[in-house]
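Reader: I'd like to learn how to read aromatic pairs and helix packing in a model. Can you walk me through it?

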Amino acid sequence: MRNVARRTWRYFSDFVDEKTSWLPPDNYQVSYQNQLAMRTSPTNIGLYLASVLGAHDFGYVSVDQVVQKLLQTMETIEKLERHEGHLLNWYDIRTLAPLKPRYVSAVDSGNLLASLWTMD
């Protein structure tokens, strides 16, 4: 379990930074391209938020780092365009512009909500 936790956290610690607007990239393509998919979704954001707390529980980050990382991401989330208060399903993490087609996903919104709930 520790190995999976460390590998999961390594993805986020390597790729969530100012270049990604403090949002997690959707994936990293190893085959053919060796590049990040510079988009994110509410599910990705929620998983990142929960992973920050998990990283603390495993001793990978300090409380101060948890606060800093969560604040940076929450400040970015506040800037994202929404539909009737809901985050849209995909955003470009460089520009924060919504990607087409623009829609709200009940599944992704629920995943984000579940992750936020774990932070309570």
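**Rings and helices**

Author: Let's start with Tyr60, which is partly exposed, with a relative accessible area of 24%; buried means under 20%, exposed over 50% and partly exposed in between (1.4 Å probe, protein chains only). The model is predicted: local features need pLDDT of at least 70, side-chain atom pairs count only at pLDDT 80 or more, and totals for chains, interfaces and linings use all residues. Residues are numbered from 1 along each chain as its sequence is written, and side-chain values use heavy atoms, leaving out hydrogens and water.

Reader: How many aromatic pairs does the structure hold?

Author: A pair of aromatic rings is described by the distance of the centres and the angle of the planes. Rings of Phe, Tyr and Trp (its six-membered ring) pair if their centres lie within 6.5 Å; planes under 30 degrees apart are stacked, over 60 edge-to-face, the rest tilted. The structure holds seven such pairs. In one of them, the rings of Tyr11 and Phe15 have centres 5.1 Å apart and planes at 70°, so this pair is edge-to-face. Phe58 and Tyr60 are stacked, at 5.8 Å centre to centre with 10° between the planes.

Reader: Which residues form the aromatic cluster?

Author: Trp9, Tyr11, Phe12, Phe15, Tyr28 and Tyr48 form one cluster.

Reader: And at what angle do α2 and α4 pack?

Author: Axes are lines fitted to C-alpha atoms, for helices over the stretch in contact, with angles from 0 to 180 degrees between N-to-C directions. Helices are DSSP runs (H or I, at least four residues), numbered from the N terminus. Here α2 and α4 (residues 106-118) pack at about 15°, with axes 7 Å apart. That makes α2 roughly parallel to α4 (angles under 35 degrees).

How values were computed: Helices (H or I, at least four residues) and strands (E, at least two) are DSSP runs, numbered from the N terminus. Angles under 35 degrees count as roughly parallel, over 145 as roughly antiparallel, 65 to 115 as roughly perpendicular and the rest as oblique.
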